[in-house]
Amino acid sequence: MSLTPRTLRRGRRVAAGSLIAVAALTLTAGVAQAHTSAKPASDRCTADNLSVGLGRTDIGAGNIHIPLVFTNKGKKTCSLRGFPGVSLTLKEGTPVGKPATRSGAAGGAVRLKPGQSAHAVLHTVNDGVSDTPCWSTAQLVRVYAPGSKKAMTAGTDGLRVCGGRFDVTSVKPGTAD
């Protein structure tokens with residue numbers, strides 16, 4: 001096979017096309033790598049920018065529901081998603097019973113602007129609904145916001161779990177009052 005001017009031109013076009021393709025792939029890979037390696041800052045609400053309290057107790061049909069209200073006290077919008085960790089204690093910190101179990105679906109993220117609130121619902125049953133005895137009366141609720149490892153506490157008006165039933169829902173928007 002001899003190299004003619006026509007063969008040389010064709011070879012240069014193929015080489016130039018290949019070079020352009022390789023350069024494009026390299027640039028695309030570099031851009032993709034830049035986007036995947038940069039992690040976005042978390043906007044998760046933490047104990048440092050939340051307050052927690054109990055809402056108004058709702059008693060009916062042998063059930064007791066108590067809203068657990070989270071309020072964004074920070075200066076930036078943050079998000080809560082999933083279930084809080086909840087346990088009961090006496091004033092000096094002695095645990096009362098077992099931590100709350102999860103009830104229902106995990107739900108979606110709840111975005112809280114400064115001053116806005118979200119809630120989860122604590123649930124137990126009235127004394128006498130079950131043969132399982134009631135726990136001692138708790139004085140504090142120890143709460144871990146979803147995804148947090150730092151506890152917050154809220155006082156109770158004598159919260160008592162009965163029937164061995166103590167569960168918590170995932171976080172939802174608003175205060176539920």
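This is a predicted model: local features need pLDDT of at least 70, side-chain atom pairs count only at pLDDT 80 or more; totals for chains, interfaces and linings use all residues.
**Entry: S170**

I started with S170. I found S170 in the loop between β12 (167–168) and β13 (172–173). Is S170 buried or exposed? I read a relative accessible area of 2%. The cut-off for buried is under 20%, so S170 counts as buried. Next I looked at what the side chain reaches. The side chain of S170 comes to 3.2 Å from the backbone oxygen of A106. I then listed contacts, leaving aside neighbours within four places in sequence. A106 turned up again, beside A105 and G107.

**Entry: the open sheet**

I traced an open sheet of four strands. The order is β6-β5-β10-β11, and the pairing is antiparallel. Which strands are at the edges? I noted β6 (95–96) and β11 (151–159), each of which pairs on one side only. I then followed β6 to its partner. Strand β5 (residues 85–89) is joined to β6 by two bridges, and the two run antiparallel. For L88, I found the bridge partner V96 in β6.

**Entry: the aromatic pair**

I looked for aromatic pairs and found one in the structure. W135 and F166 form this pair, edge-to-face. I noted 5.8 Å centre to centre and 75 degrees between the planes. What does the pair tie together? W135 sits in the loop between β9 (117–125) and β10 (138–144), and F166 in the loop between β11 and β12, so the pair links parts 31 residues apart in sequence. I checked burial too: W135 and F166 are both buried.

Definitions and conventions
Residues are numbered from 1 along each chain as its sequence is written. Side-chain values use heavy atoms; hydrogens and water are left out. Buried means under 20% relative accessible area, exposed over 50%, partly exposed in between (1.4 Å probe, protein chains only). A polar contact is a pair of N or O atoms within 3.5 Å; within protein, one must be able to donate a hydrogen and the other to accept it, and residues adjacent in sequence count only if both atoms are side-chain atoms. Contact means heavy atoms within 4.5 Å. Two strands pair if DSSP finds at least two bridges between them. Rings of Phe, Tyr and Trp (its six-membered ring) pair if their centres lie within 6.5 Å; planes under 30 degrees apart count as stacked, over 60 as edge-to-face and the rest as tilted.
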